[in-house]
Amino acid sequence: MRNYAVKFARAFLAGVLIGLGCAVNAKVGGVVGALLFACGLTTIIQFRLPLFTGIVAEKPEWNMLAILAGNCVGGLFSHFLFGIEMAPCTLSLFRIFCGGAGTGILMVAAYKSKNFVVAVLGVMLFILCGFPHCIAECGYLRMDPLQWLMACLGNVAGGQLWRILDIRESA
């Protein structure tokens, strides 16, 4: 039981770090907001915390849902703790899915590369393109449940491209 609690707590902390990125991006915006948002991911990589959108290229397993839950609870916690305000999402479900796939591609590259330049640029790209990230959306709390589900499915689809194409981590 303790092992699951530790895993959930680590996933929760990763969600809080993404939520901190949401808070700064919502306040600052633009290139600077995107750059500062990336501090959350670089911290997650440095401390080897589990981030759902970083591991979606792996073979699907049930523990991924526990990581997703921990990340989302951490993102929601950040939303209320930091008072993050963002306009509601008005994209179509198709655009949310496609943008989410773009985020999945970029986040797997950023997370798996363990290279901070790749991580920062990957995050900046998805933020500046306006692509949805299912954990960040918990921090922004700007989507309804169906929109969030489409963002999540898009993130998974984009991440799974790495596995389908058998692209491996750099040594």
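Predicted model: local features only at pLDDT ≥ 70, side-chain atom pairs only at ≥ 80, totals over all residues.
**Entry 1: H1 and H2**

I then listed the residues that make the contact. From H1 I have Ala14, Leu17, Ile18, Gly21, Cys22, Val24, Asn25 and Val28. From H2 I have Gly30, Val32, Gly33, Ala34, Leu36, Phe37, Gly40, Thr43 and Ile44. Sorted by class, the contact of H1 with H2 has 11 nonpolar and 6 polar residues, and no charged ones.

**Entry 2: H5 and H6**

Next I looked up helix H5, residues 93-113, against helix H6, residues 116-129. I noted a packing angle of about 165° and axes 8 Å apart. By the cut-off of 145 degrees for roughly antiparallel, H5 and H6 are therefore roughly antiparallel to each other. I also recorded the handedness: H5 passes H6 in a left-handed crossing.

On the H5 side, the contact is made by Thr103, Leu106, Met107, Ala109, Ala110 and Ser113. On the H6 side, I wrote down Val118, Ala119, Gly122, Val123, Leu125 and Phe126. The class count for the contact of H5 with H6 is 9 nonpolar, 3 polar and no charged residues.

**Entry 3: salt bridges**

How many salt bridges does the count come to? I get 2 salt bridges.

I took Glu58 and Lys112 to begin with; their side chains meet in a salt bridge at 2.5 Å, N to O. I checked where the partners sit: Glu58 is in the loop between helix H3 (52-55) and helix H4 (63-82), and Lys112 is in helix H5. The pair is 54 residues apart and links distant parts of the chain.

Is Lys112 buried or exposed? I find Lys112 buried, because its relative accessible area is 14% and the cut-off for buried is under 20%. Glu58 has a relative accessible area of 33% and is therefore partly exposed.

I then turned to Arg142 and Glu137, whose side chains meet in a salt bridge at 2.7 Å, N to O. I looked up burial here too: Arg142 is buried, and Glu137 is buried as well.

Notes
Residues numbered from 1 in each chain as written. Heavy atoms only, no water. Axes fitted to C-alpha atoms, helices over the stretch in contact; angles between N-to-C directions. Helix = DSSP H or I, 4+ residues; strand = E, 2+ residues; numbered from the N terminus. Parallel < 35°, antiparallel > 145°, perpendicular 65-115°, else oblique. Left-handed = near helix turned anticlockwise from the far one by under 90°. Contact = heavy atoms within 4.5 Å. Nonpolar A, V, L, I, M, F, W, Y, C, P; charged D, E, K, R; others polar. Salt bridge = Lys/Arg side-chain N within 4 Å of Asp/Glu carboxyl O. Buried < 20%, exposed > 50% of the residue type's maximum accessible area, 1.4 Å probe, protein only.
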